[in-house]
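Welcome! Let's take a walk through this structure together, one stop at a time.

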Amino acid sequence: LESVPVRRRMVLLLFAVNMVCYMVRTNISVALVPISQTYGFSAMEEGWILAAFYYGYICTQIPGAHLTARYGGCTVLLVAVFSWSLFTLLTPPLSSISLSALVLCRLLLGLSEGVTMPAVHHLVAQWVPAQERSLSVTFASSGQFVGMVVALLCSPLAAHDWPTLFYLFGALGFGWCLLCWSYGASSPETHPHIARSEREFVIKHRARDTHLEPVLASASESAAECKVTLDPRSTTAQSGNTSVCSSLRQHTEQSLRWTDCFAEPAFIAVVVAHVCHNYGFYLLLSWLPKYFEGRWKTDVASAGIFSLAPYLLMFVCSNLGGYLSDWLISTGRLDRVSCRKTMQAVAFLVPCIFLWLVRFASTLTHAQLLLTLSIGFSSFSHSGYWVNLVDLGPRHSARLMSFSNTVATVPGIVGNLVTGYLLQGTGDWDTVFLLAS
């Protein structure tokens, strides 16, 4: 690791935290069938179990951004990962108590995970130079898909001994905490082992806010006067501005309000894209193994394995989109805005067609192929709206993510509840996929 630049080690840490985050989040989908068989939960009760996570998740997005701005991304992630790992370990014993205990555990797990994305985006803005942003963001985010694949590969284990799945994934979360404690830092300025040349390079090439700066009415004029980025560990004041710049930086991070953001058409467009993407993504993340088990009568182990291919393709498409975006922008073939729009258009139009066609699948292989292509191409969104949250305001990326992700978590609640009620009442998967497309 010593030969790897520190900023890339940080991206690897973010990849790992996304991976563990989605392993923990996905394992309930893998284990839901044997859990329901053990305790007799209905489809509607399964919907409540799956939706409970999102009730918690939606509540801590904005507080997570506040905490990240105040204490730093690494500190917030350490507390979050420790907490969600603990609740993962507690899932099996609480499941044996009652449905309410399991729902409460999932709610607390969601509360713990809710701060993750604001903290991750904050760390990206702190550590990644603008010219490396697309690929770094998509690579770090693609850890989500690796986490899903690992969870689904454990389907045979879930079928025979589902509690072990939760104990194993919880232990991995504690392992990530040790890595972050040893190698992580919230910014280049506070990392104890980064080379001075790399620190200066990252600080020089971190993008300043480009689109949302004008909405900071109370701080914009002062921000324009403070051009120098300082090392907070330095004992030497530069031009007498150390305390002023430090105070301003803290003030401007706290001053961006949701009303300011939602007055900006560009931000509204990002939120709309985020909501539309999340409805289909959360729906399939939660219900795909259940679909294969219920619609095509596969066993639990096979249902999980059949669900693997879409997330493998997501990993490929996400990183391909990041590489193409950086290349298109750096070579001048597309400007940044046009590139983001192009990637987002691919991420919506292609999956919509394939998801609509799933309703007419006549064989398991046909259904799996269509779902794989639909879910896989949707990950081009990471080169669209997802990285655009950093483009709009790098200094406020945690706050922007928290506002957008709060609204975009609603589909996780609504989609799971609606799907549960639909399947309970009609057992009709065609309607489920029609709504998503």
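How many aromatic pairs does the count come to? In this predicted model, the count comes to 19 aromatic pairs.

Now turn to another edge-to-face pair, made by Tyr 291 and Phe 433, with 5.0 Å from centre to centre and 90° between the planes. This pair links distant parts of the chain: Tyr 291 sits in helix 13 (residues 265-295) and Phe 433 in helix 21 (residues 429-436), 142 residues apart. Tyr 291 and Phe 433 are both buried.

Aromatic rings also gather in a group here. Tyr 22, Phe 53, Tyr 54, Tyr 57, Phe 281 and Tyr 282 form one aromatic cluster. Over the ring of Tyr 57, a member of that cluster, sits the charged end of Arg 25, 4.7 Å from the ring centre.

The largest nonpolar core has 103 residues, and the members that touch the most others are Trp 84, Trp 176, Tyr 291, Tyr 311 and Leu 371. Helix 1 (residues 6-39) gives the most to this core, with 17 residues. What does Trp 176 touch, not counting residues up to four places away in sequence? The list is Leu 13, Ala 16, Val 17, Leu 77, Leu 78 and Val 81. There is also a second, separate core of six residues, and among them are Cys 317, Leu 328, Met 343 and Ala 347.

Our last stop is Thr 406, found in helix 19 (residues 397-408). Is Thr 406 buried or exposed? Thr 406 has a relative accessible area of 18%, and the limit for buried is under 20%, so Thr 406 counts as buried. A polar atom of its side chain lies 2.6 Å from the backbone oxygen of Ser 402. Leaving aside residues up to four places away in sequence, Thr 406 touches Ile 58, Gln 61, Ile 62 and Met 401.

Notes:
Residues are numbered from 1 along each chain as its sequence is written. This is a predicted model: local features need pLDDT of at least 70, side-chain atom pairs count only at pLDDT 80 or more; totals for chains, interfaces and linings use all residues. Side-chain values use heavy atoms; hydrogens and water are left out. Helices (H or I, at least four residues) and strands (E, at least two) are DSSP runs, numbered from the N terminus. Buried means under 20% relative accessible area, exposed over 50%, partly exposed in between (1.4 Å probe, protein chains only). A polar contact is a pair of N or O atoms within 3.5 Å; within protein, one must be able to donate a hydrogen and the other to accept it, and residues adjacent in sequence count only if both atoms are side-chain atoms. Contact means heavy atoms within 4.5 Å. A nonpolar core is a set of buried Ala, Val, Leu, Ile, Met, Phe, Trp, Tyr and Cys residues joined through side-chain atoms within 4.5 Å. Rings of Phe, Tyr and Trp (its six-membered ring) pair if their centres lie within 6.5 Å; planes under 30 degrees apart count as stacked, over 60 as edge-to-face and the rest as tilted. A charge sits over a ring if NZ of Lys or CZ of Arg is within 6 Å of the ring centre and within 35 degrees of the ring normal.
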